[in-house]
Amino acid sequence: MRTLESQTSAGLGLRRGLMPELLAMDDGAVDFLELAPDNWIGVGGRFGEQLGQLATRFPISAHGLSLSLGGVAPLDMELLRRTRELNQRLGVVMYSEHLSYTTDDGQLYDLMPIPFTDEAVAHVAARIRQVQDVLERRIAVENVSYYAAPYQALTEIDFINAVLAEADCDLLLDVNNLYVNAINHGYDAADFLARLPAERVAQYHVAGHYDEDIDLKVDTHGAPVKDDVWTLLDAAYRRFGVRPTLLERDFNFPPLHELLLETNRIRTMQLAHLDRQRLLEQTRAA
C-alpha cells in the first residue's frame, strides 16, 4: 500500500461512477483517493478487485457516512469492526467521519445537525473517543453543512472547538461547508478560521454548491468548486498551512480531465504556499 509522502497532497473521491476513468488514469494524476467505507464493506467481485487495484497504486483515505456520532442509539459496533478491517486491508492513511447524526430508529440517509449544547458536546466526544478506541487510530471529524439548527446554546465554532478538545480528535475542515454555512447563517468565515486551533486541522475538503439565492447556498457536491470557495481555501492554507486536500464530486460527473484540472489547482495553490513559507523562513534566517 502506498503512503502520503509529499507535502502537497491533492486527492479525488473514489466513486463507482468514475471507476473506469480512475483505473485508466496515470499513477501521478492525484496524490490519494478517498472512499466512503460504508459503501465498500463486503464488496467483492469486479468492483472489489478494482478497488484492490487502485489501493496498490494510490494511498486511500476513508470518510465515513453512517456512524452517527451525534445519534442517541448505541454505536454500531459491527460497522466499526468491519470498518477497521477494511482500513487495515486497504492500508487507509486517513480516517474521518461527519460531525452529525444519521440514525433515528433507522437510517435517515442524510447528515442531520447536532444541537449545539454542552450536553451534546459531552455525548459526541464520548462517542468519538469510543470510535478511536475501536478503530485503534486517531480520527478527524468534519464540520457539516446545515440549513436549520435544532438548538443553539453555543455558536457553531464554540461547539466544534469544544468537541475537538474533549474528544481529543482532529478536524477535517470542509471549506465549502464553511462557506455555505457562513452565508446561510450570517457569520464571518474568516473569524471562524481565526478561532480554529491550527494543531487540530488535519485535512481539507472542497466541493461545489448551488446558489439558490444571494443568502441561500446548497451544498451539492455536483458542480465545480466556486471562486469564493477557492479563496477561502487559500485563506485556510495561510492560517493553518498545507494539508491533504480532497476534491469531492458525488454526481453529475464531467470528463475526468476536468476534475483533474481542479485537483491540479489544489496542487498549484499548495506549492505557492510552500514556496511562500520557505521564503519567509529564509528571510528570518538571514
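Student: In which helix do Glu85 and Arg81 both lie?

Tutor: This is a predicted model, in which local features need pLDDT of at least 70, side-chain atom pairs count only at pLDDT 80 or more, and totals for chains, interfaces and linings use all residues. Residues are numbered from 1 along each chain as its sequence is written, and side-chain values use heavy atoms, with hydrogens and water left out. Helices (DSSP runs of H or I, at least four residues) and strands (DSSP runs of E, at least two) are numbered from the N terminus. Glu85 and Arg81 are four residues apart, about one turn of the helix, and both belong to residues 77–90, helix α3.

Student: At what N to O distance do the side chains of Glu85 and Arg81 meet in a salt bridge?

Tutor: A salt bridge is a side-chain nitrogen of Lys or Arg within 4 Å of a carboxyl oxygen of Asp or Glu, and a search of the whole structure finds 13 of them. The one between Glu85 and Arg81 has an N to O distance of 2.5 Å.

Student: Is Lys217, which meets Asp211 in a salt bridge, buried or exposed?

Tutor: The side chains of Asp211 and Lys217 meet at 3.1 Å, N to O. The classes follow relative accessible area (buried under 20%, exposed over 50%, partly exposed in between, with a 1.4 Å probe and protein chains only). Asp211, at 35%, is partly exposed, whereas Lys217 has a relative accessibility of 8% and therefore counts as buried.

Student: How many residues apart are Asp211 and Lys226?

Tutor: Asp211 also forms a salt bridge with Lys226, at 3.4 Å from N to O. This pair links distant parts of the chain, since Asp211 lies in strand β10 (residues 209–213) and Lys226 in the loop between β11 (216–219) and α8 (227–240), a separation of 15 residues.

Student: At roughly what angle do the axes of helix α6 and α8 cross?

Tutor: Axes are lines fitted to C-alpha atoms, for helices over the stretch in contact, and angles run from 0 to 180 degrees between N-to-C directions. The axes of α6 (residues 175–185) and α8 come within 9 Å and cross at roughly 115 degrees.

Student: Which residues of α8 make the contact with α6?

Tutor: Contact here means heavy atoms within 4.5 Å. On the α6 side, the residues that make it are Val175, Asn176, Leu178 and Tyr179, and on the α8 side they are Asp228, Val229, Leu232 and Leu233.

Student: How far apart in space are Gly91 and Glu142, C-alpha to C-alpha?

Tutor: Gly91 is found in the loop between α3 and β4 (94–98), where its relative accessible area of 24% makes it partly exposed. Gly91 and Glu142 are 51 residues apart in sequence, and the C-alpha to C-alpha separation in space is 21 Å.
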